[in-house]
Amino acid sequence: MATLTCSVAELQSLLINNGGNTSIATETAKYICGRFDAISNNFLDTNHAVDNTYLLFSSYLVFAMQLGFAMLCAGSVRAKNTMNIMLTNVLDAATGGIFYYLFGFAFAFGSSSNGFIGEHFFGLTQFPSESLSFDYANFLFQWAFAIAAAGITSGSIAERTQFVSYLIYSSFLTGLVYPVVSHWFWSSDGWGSPARADPGTLLFGSGVIDFAGSGVVHLVGAVAGFWGAFIEGPRIGRFNHEGKAVAMKGHSGTLVVLGTFLLWFGWYGFNPGSFLIISKAYGKSGSFYGQWSAIGRTAVTTTLAGCSAALTTLFGRRLQTGHWIVTDVCNGLLGGFAAITAGCSVVDPWAAVICGFFAAWVLIGCNILAEKFKYDDPLEAFQLHGGCGVWGIIFTALFAKKEYLNEVFGGPIDRPYGLLMGGGGRLLAAHVVQILVIVGWVSVTMGALFFVLHKLKLLRISSEEEMEGLDLTSHGGMAYEYHHGELELLQKRSIEGTRIDP
Amino acid sequence: MASQSCAAALLGGLANVNTTAANFICGQLDAINQKLTDTTYAVDNTYLLFSAYLVFAMQLGFAMLCAGSVRAKNTMNIMLTNVLDAAAGGLSYYLFGYAFAFGGPSNGFIGRHSFGLSDFPSPSADYSFFLYQWAFAIAAAGITSGSIAERTQFVAYLIYSSFLTGFVYPIVSHWFWSSDGWASPTRTNRSLLFGSGVIDFAGSGVVHMVGGVAGLWGALIEGPRIGRFDRSGRSVALRGHSASLVVLGSFMLWFGWYGFNPGSFLTIAKSYGKSSVYYGQWSAIGRTAVTTTLAGCTAALTTLFSKRLLVGHWNVIDVCNGLLAGFAAITSGCSVVEPWAAIVCGFVAAWVLIGLNMLAAKVKFDDPLEATQLHGGCGAWGVLFTGLFATKKYVAEVYGSERPYGLLMGGGGKLLAAQLIEILVVSGWVTATMLPLFYGLQKMNLLRISREDETAGMDLTRHGGFAYAYHDEDDGFAKPAMYMMGRIEPSPEANPL
């Protein structure tokens, strides 16, 4: 690489008064321009370093959400099924890693390709790709997203699903169903993508604005979970013979809160990280406002939606039940995050507060409906990720701001923006299409899969197993053993008697 | 930066410019140069600092993993050891550990500058580098605590931990990571071992084997926990008290490993030649994160199915251990192998762990965290793996060209030979230092706790009480009145454990 130093003596000797000697002028030009070229390359290097740092650390944060979800799941189920659900979470990540590497990433982002599915980068061949600006950090980031989607579904079918079924659906979802959806809305080739190269082919002149995936991730996971839970039926004892709901409380409020906070923490990679690069100026260089600002704003909208949803849920549930219930507040919080995920980058902070407020009511409403229809979802995953995910998609179509849309998605065209911001109805139309298409695609693929598994008697566990708990029957024993040795000894040696009271 | 218009402007007639203009232009170029240098330092330090925080998060993970893997009555004890690894390690590594490891210029055996960070910062080492290395040092000490858990006196713990973090480990890291180390691949002033140096990028040998071998001796000298092997010599599972903590801890370690492996590049803002500006050290770093991920995933899946075949059920604890074994193994070669090779690494690591666990049971070796088998055994596999699969291109990127590379990639046997030397030398050195220490402690009755302490649990006898109190003393109001009677046992020796 050429040096950045500049030698005065050298330059001067070139720039002497020479009466217009062309060859000397050429030398001068070459010298100075050579230096500028070196600077330019150095800047490019720096950009790449900064952007990769940003994307890698965002990926690590999204990965931390696996941890959070594992804890949330564990705390939300009964103790006798803890080993089972945590194993499903570990394996989401592990199987997802292999399948997404082998073909999931290719189906999702393998450009150039058709609008339905990707065609390159199987096993990460011909990677990294300079033309597409895809480096390994991109792969890692997208992998972390893919395993998030599969995790969501595990919540709906918890406590009553055979482990083999679990492995099968998880691989299928992470390796095919999810990548195809992400291709549609996030690849520059996707039919519904807002980043299509030819603006004339954008869906409704707009494309779908699902920035970090209320639809692509949350709705996909939720619809898959719905079919699993629906086909399996409710857990034994969840609805008594009169049809009334019986609360099946999770075994650890602490784990639920820990998991929720870790998910919140990781969401700072999930939403702001979806910008993929941070060192980009918006317009003129040298201004304090650039993509880094939009990223910061996205972190703020994410935060506000969660906070607002949490508070609304707190008071909403207090009105409904008379109590302040932390586990419900946690679910409300997550519902807010799931909703803001679609529009986090293109709405104002005040709009995010509205988003969270309504997300809380959507969740409460969906839970009431679920009980009415005797639909049992141990993690409320369908209500939360599905219901609040759908709300988030609609919300974006209502509140997306023109200025932010142009920043984030750019393009030579004037993009349709939020209906309530004066942007017309085309964005909303595109978003309705997104909802329908995702529900349709995931229902057809995952619904069919779950149905086949059910018919093959591979889906639900037996009622004996369910009563005993999966940990004891299939996972080598209970998760917890708080007393050991001497207390058991004491119990063996003693008789407990109960006094008969008048 | 448009060099086209620059050329056009200059050709237009700067031929008559004089000294002032020359000074001006050069001054501007110098200023830009300096700003770029500033930026590079800022970016690199950001990268290294956040990587260090991630490695530190592994302490959290390991604390949870340990806690969940031991019985409830020893939870306070093992978590305290984890906290103190970090705390005592902070002091000893600051005072002399870092100096022994990286204090150059020095000889090939041990460092001798920067005691108490006296000459910090320097162009070659800033505080972020110290913090990063400290986070590594306390990781090594943590590993050993797993092997001797549930039966070690706290005083012995403090002694061995300071010795390991302040002396034994730094010297090993000097050999393989300092630019003076006799086996280091970055050696500048003298010849490389076998013309290669040892490639242990993030420490399968330097960290994991050191911790594992130290743990081996501690556990061997102490002997198994009471009840671990019954009278006929059969294994009795002494299950941990919380699988949730084990999973939490494992995931936290996975998360932190993204600082451990990719972070070991130390800088991110470095281009690899001029040919393609898009590809630089940042790409290699991303690739390292991918190889790390794939090795862990593969090891986890392999363990899942293997244990299902072997014992008939799907066990999350085993899968977590398998996962960590994959990470421990890929740590050595993560930066110099292809992603597909990482899959191979993880696959073999899972089987190495299963095999070593069987061996341990056979020879009645009790390691509550399987730390020796996992970190020692799979760490050694990882060191070997690098000697087989390191690619020419990546070795050249990271260490320089014309180097020996992986045997199975056509690179000859020199790198593998160097890796073998590492395994032998690390095992030998740690044995020579930690074995006498543990033996001496045992002889002075300072190592293992008493039988009574072990039965009651150290939390009750030494650490102020149990970790968990799920029922409060004033619960009695709600309970129906009960009384418990003690049955008279025929033999006082009867121990159901």
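Mentor: The model is a predicted one, and a search of the whole structure finds 18 salt bridges over all chains.

Consider Glu159(A), for which two partners can be described. With Arg78(A), the side chain of Glu159(A) meets in a salt bridge with an N to O distance of 3.0 Å. Arg78(A) belongs to the loop between α2 (22-76) and α3 (82-109) of chain A, while Glu159(A) belongs to the loop between α4 (136-156) and α5 (163-186), so the pair ties together parts that are 81 residues apart in sequence. The other partner is Arg235(A), whose salt bridge with Glu159(A) has its closest N and O atoms 2.4 Å apart. This pair also links distant parts of the chain: Arg235(A) is in the loop between α6 (214-232) and α7 (253-270), 76 residues from Glu159(A).

As for solvent exposure, a residue counts as buried when its relative accessible area is under 20%. Arg78(A), at 18%, is therefore buried. Glu159(A) has 2% relative accessibility and so is buried, and Arg235(A), at 5%, is likewise buried. In general terms, side chains of opposite charge can pair when their charged atoms come close.

Of the contacts in chain A with a separation of 6 or more, 73% are between residues 24 or more positions apart. Chain A carries 27 positive and 34 negative side chains, and the centres of the two sets lie 8 Å apart. The C-alpha trace of chain A spans about 120 × 55 × 45 Å along its principal axes.

Asp366(B) lies in the loop between α10 (339-362) and α11 (371-389) of chain B, and Arg225(B) in the loop between α6 (204-222) and α7 (243-260), so that the pair links distant parts of the chain, 141 residues apart. Both Asp366(B) and Arg225(B) are buried.

Note on methods
Residues are numbered from 1 along each chain as its sequence is written. Chains are lettered from A and ligands numbered from 1 in the order in which they are written. This is a predicted model: local features need pLDDT of at least 70, side-chain atom pairs count only at pLDDT 80 or more; totals for chains, interfaces and linings use all residues. Side-chain values use heavy atoms; hydrogens and water are left out. Contact means heavy atoms within 4.5 Å. Lys and Arg count as positive and Asp and Glu as negative; His and the chain ends are not counted. The place of a charge is taken as NZ of Lys, CZ of Arg, CG of Asp or CD of Glu. A salt bridge is a side-chain nitrogen of Lys or Arg within 4 Å of a carboxyl oxygen of Asp or Glu. Helices (H or I, at least four residues) and strands (E, at least two) are DSSP runs, numbered from the N terminus. Buried means under 20% relative accessible area, exposed over 50%, partly exposed in between (1.4 Å probe, protein chains only).
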